[in-house]
Amino acid sequence: PEPPPRPAWLEPWTEQRSEVAILCVALLALTLILAFQHRLSRSRLAHRWVRLGFLAFTLIWLGWIASAQLSIVNLINYVKGPFEGLSLGFYLAEPLIVIISAYTAVSLILLGRGVFCGWLCPFGALQELLAHAARWLRLPQWNPAEALQSRLYYGKYASLAAVVGLSFYSLDWAVS
């Protein structure tokens with residue numbers, strides 16, 4: 001008799017073994033950085049180089065090479081999946097996103113949002129690396145007035161509410 005067919009979600013996991021291994025090593029390194037951050041922060045220069053090095057890894061490998069950017073689309077799909085009767089295979093189809101999502105969920109519960117936003121988001125890494133480059137090049141920085149900043153503060157929450165609301169109506173509208 002023929003062996004039973006392998007689940008469809010298993011194929012990406014076997015094809016991306018090396019990427020999964022690299023990500024797991026990087027997440028282990030990040031966990032060690034966070035666990036020993038009090039020791040690392042004793043040397044401001046060492047902390048800066050470790051942080052900038054990890055951000056460069058996040059931007060280049062995680063963002064550009066592996067294309068493993070966790071986004072609101074992934075999160076919305078995870079939330080909508082049970083309501084649409086999607087199987088477990090749907091959730092496991094993208095191994096790097098699954099691993100980052102799980103790490104982010106655990107770190108969110110244990111440490112707060114700073115782990116993903118501060119260390120694993122390629123877009124945030126790009127912004128921080130550009131800010132460091134701008135300071136190094138002595139480019140002028142714009143700091144909005146406190147009154148303007150306080151008025152703009154809630155705009156991000158209004159945008160998030162609009163995207164989440166639209167996603168339940170039409171996911172295509174939410175991502176465009």
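Is Gly 63 buried or exposed? Gly 63 is buried, with a relative accessible area of 18%, where buried means under 20%, exposed over 50% and partly exposed in between, using a 1.4 Å probe and protein chains only. Welcome to this predicted model, in which local features need pLDDT of at least 70 and side-chain atom pairs count only at pLDDT 80 or more, while totals for chains, interfaces and linings use all residues. Residues are numbered from 1 along each chain as its sequence is written, and side-chain values use heavy atoms, with hydrogens and water left out.

**Overall picture**
- The protein has 12 helices and 0 strands; these are DSSP runs numbered from the N terminus, with helices (H or I) of at least four residues and strands (E) of at least two.
- Its C-alpha trace spans about 70 × 40 × 30 Å along the principal axes.
- Of the 176 residues in the protein, 29% are buried.

- Gly 63 is found in helix α4, and its C-alpha atom is separated by 5.1 Å from that of Pro 122, 59 residues apart along the chain.
- Apart from neighbours within four places in sequence, Gly 63 is in contact (heavy atoms within 4.5 Å) with Thr 58 and Pro 122.
- Arg 51 also lies in helix α4, which covers residues 44–65, and Arg 51 is buried with a relative accessible area of 15%.
- Not counting residues up to four places away in sequence, Arg 51 touches Gly 118, Trp 119 and Glu 128.

**A nonpolar patch on the surface**
- Ile 72, Leu 75, Val 79, Phe 83, Leu 160, Val 164 and Phe 168 form a nonpolar patch with about 660 Å² of accessible area together.
- Patch residues have over 30% relative accessible area and no salt bridge, and nonpolar side chains (Val, Leu, Ile, Met, Phe, Trp, Tyr) are joined within 5 Å, like charges within 9 Å.
- A salt bridge is a side-chain nitrogen of Lys or Arg within 4 Å of a carboxyl oxygen of Asp or Glu, and accessible areas come from the Shrake-Rupley method with a 1.4 Å probe.
- Helices α5 (72–80) and α11 (155–169) each supply at least two residues of the patch.
- Phe 83 lies in the loop between α5 and α6 (88–91) and is exposed, with a relative accessible area of 70%.

**The largest pocket**
- The largest pocket is lined by 23 residues, of which Leu 75, Arg 113, Phe 116, Cys 117 and Leu 160 lie nearest its centre.
- Two or more lining residues come from each of α5, α7 (95–111), α8 (114–120), α9 (122–136) and α11.
- On a 1 Å grid over the protein atoms alone, a pocket is an open set of points where a 1.4 Å probe fits, with protein on both sides within 12 Å along at least five of seven lines; lining residues have an atom within 4 Å of a point.
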